[in-house]
Amino acid sequence: MPNLVVINNADTVTPTTKEGAGVFSDLAGSPEGSKHPIVAGMWQLADIDGPTPAYEAEYDEVKYLVGGELTLKDETTGLVSELRAGSLLWIPKGSVMSLVRSKGVRTIYVEQQFRKVDSS
């Protein structure tokens, strides 16, 4: 039977896995073989001042900003959005975006994919 996972002070976790312009740490996730797996954790983005190359989302994802400021551009519609701590970002699979500017960005994320979570 599955067990609940509680991670107190998750917003203070220091991410450790480098990927692109950021670092992340998965904190909880579905077991291997799940039909619709999800993984959740903390992501911290390096400060950026200038647009990044466009990126196409490989899976559905939600990010909740717990700190910092982020400007991003929806490359399909041209819409530029400003996010601050407390903002929620929905990134559907197949959407294309670029990061325009970031400063001090930390998020809690949930992604529709499987990654083995280190529970140590």
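Reader: Which element gives the most to the lining of the largest pocket?

Author: In this predicted model, the largest pocket has a volume of about 470 Å³ and a lining of 23 residues. The elements that give two or more residues to that lining are β2, β3 (39-45), β6 (61-74), β8 (88-91) and β9. The element that gives the most, with five residues, is β9.

Reader: Which residues lie nearest the centre of the largest pocket, and how does its lining divide by class?

Author: Nearest the centre of the largest pocket lie Glu-19, Trp-43, Tyr-55, Met-97 and Leu-99. Taken by class, the lining of the largest pocket holds 14 nonpolar, four polar and five charged residues.

Reader: Trp-43 is named in that lining; what is the distance from the centre of its ring to the charged end of Lys-63?

Author: Trp-43 is one of the residues that lie nearest the centre of the largest pocket. The charged end of Lys-63 sits over the ring of Trp-43, and its distance from the ring centre is 3.9 Å.

Reader: Which element supplies the largest share of the lining of the second largest pocket?

Author: The second largest pocket has a volume of about 220 Å³, and among the 13 residues that line it, Ile-7, Ala-28, Ala-40, Gly-41 and Val-110 lie nearest its centre. At least two residues of this lining are supplied by each of β2, β3 and β9. The largest share, four residues, comes from β3.

Reader: How many aromatic pairs are counted, and what is the geometry of the pair of Phe-24 and Tyr-109?

Author: The count comes to one aromatic pair. Phe-24 and Tyr-109 form this pair, with 6.5 Å from centre to centre and 75 degrees between the planes. Since an angle over 60 degrees is the cut-off for this class, the geometry of the pair is edge-to-face.

Reader: Which strands does the pair of Phe-24 and Tyr-109 link, and how many residues apart are the two?

Author: The pair links distant parts of the chain, with Phe-24 placed in strand β2 (residues 22-29) and Tyr-109 in strand β9 (residues 96-111).

Reader: Are Phe-24 and Tyr-109 buried or exposed?

Author: A residue counts as buried when its relative accessible area is under 20%. Phe-24 has a relative accessibility of 9% and therefore falls in that class. Tyr-109 has 1%, so this residue, too, counts as buried.

Reader: Is Asn-9 buried or exposed?

Author: Asn-9 is found in the segment before β1, and its phi is near 60 degrees, a positive value in a residue other than glycine. Because its relative accessible area is 55%, and the cut-off is over 50%, Asn-9 is exposed.

Reader: What separates the C-alpha atoms of Ala-46 and Ser-81?

Author: Ala-46 is found in the loop between β3 and β4 (48-49), where it is partly exposed, with a relative accessible area of 38%. Ala-46 and Ser-81 are 35 residues apart along the chain, and their C-alpha atoms are separated by 18 Å.

Reader: Which element of the protein has the highest mean pLDDT?

Author: The protein averages a pLDDT of 92, and 98% of the residues score at least 70. Among the elements, strand β1 (residues 17-19) has the lowest mean, 92, whereas the highest, 98, belongs to strand β7 (residues 80-84).

Notes. Residues numbered from 1 in each chain as written. Predicted model: local features only at pLDDT ≥ 70, side-chain atom pairs only at ≥ 80, totals over all residues. Heavy atoms only, no water. Phe/Tyr/Trp six-rings, centres within 6.5 Å; stacked < 30°, edge-to-face > 60°. Buried < 20%, exposed > 50% of the residue type's maximum accessible area, 1.4 Å probe, protein only. Lys NZ or Arg CZ within 6 Å of the ring centre and 35° of its normal. 1 Å grid on protein atoms, 1.4 Å probe; cavity = no way out; pocket = protein on both sides within 12 Å on 5 of 7 lines; lining within 4 Å. Points joined across faces, edges and corners; volume = space filled by probe spheres on them. Nonpolar A, V, L, I, M, F, W, Y, C, P; charged D, E, K, R; others polar. pLDDT = per-residue confidence, 0-100.
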